[in-house]
Amino acid sequence: MLDQHDAIELPGWLEKLAICGHPTLAGLAKGIREDQDAAVQGIITPYRFGMNEGRVTDVKLQKRIMAGCAGIPLLRQRVVLIAHLRRRYSDRATSPW
């Protein structure tokens, strides 16, 4: 489904998950059914938001680590530093050398 960006098989796949007998997979099927329109849009659109989600996770992690010990300027500095380090690491990972 994901490779072809075709969500026609999604309802059948969710039904198979629901009746497979494994409680975790049945729970996954139930969760996807609760917001099936969003799941369909995620399958049929070519856009991905993984990078944005990673940045949000970084900000939340830093906020929790600091736990009110510092203000917004330090949080901003740490978030910018993490973004810079991620960019350097991803550039190095894609480089052939």
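Among contacts in the protein (heavy atoms within 4.5 Å) between residues at least 6 apart in sequence, 42% join residues at least 24 apart. The model is predicted: local features need pLDDT of at least 70, side-chain atom pairs count only at pLDDT 80 or more, and totals for chains, interfaces and linings use all residues. Residues are numbered from 1 along each chain as its sequence is written, and side-chain values use heavy atoms, with hydrogens and water left out.

**Whole chain**

Helices (H or I, at least four residues) and strands (E, at least two) are DSSP runs, numbered from the N terminus.

Of the 97 residues, 12% are buried. Buried means under 20% relative accessible area, exposed over 50%, and partly exposed in between (1.4 Å probe, protein chains only).

**The core**

Next select Ala-7, Leu-10, Leu-14, Leu-17, Ala-29 and Ile-43, the six residues of the largest nonpolar core. Helix α1 (residues 10–18) gives the most to this core, with three residues. A nonpolar core is a set of buried Ala, Val, Leu, Ile, Met, Phe, Trp, Tyr and Cys residues joined through side-chain atoms within 4.5 Å. In soluble globular proteins, nonpolar side chains tend to be buried together.

Stay on Ile-43 and show its neighbours. Leaving out residues up to four places away in sequence, Ile-43 touches Met-1, Leu-2, His-5, Asp-6, Ala-7 and Leu-10.

**His-5**

One of those neighbours of Ile-43 is His-5. Select His-5 in the segment before α1. His-5 is not a glycine, yet its phi is positive, about 55°. Most residues other than glycine have a negative phi. His-5 counts as partly exposed because its relative accessible area is 34%.

**Val-59**

Finally, go to Val-59 in helix α4 (residues 50–66). Is Val-59 partly exposed or buried? Val-59 has 31% relative accessibility, so it counts as partly exposed. Not counting residues up to four places away in sequence, Val-59 touches Leu-75 and Val-79. To end, draw a distance from Val-59 to Lys-30: the two are 29 residues apart along the chain, and their C-alpha atoms are separated by 30 Å.
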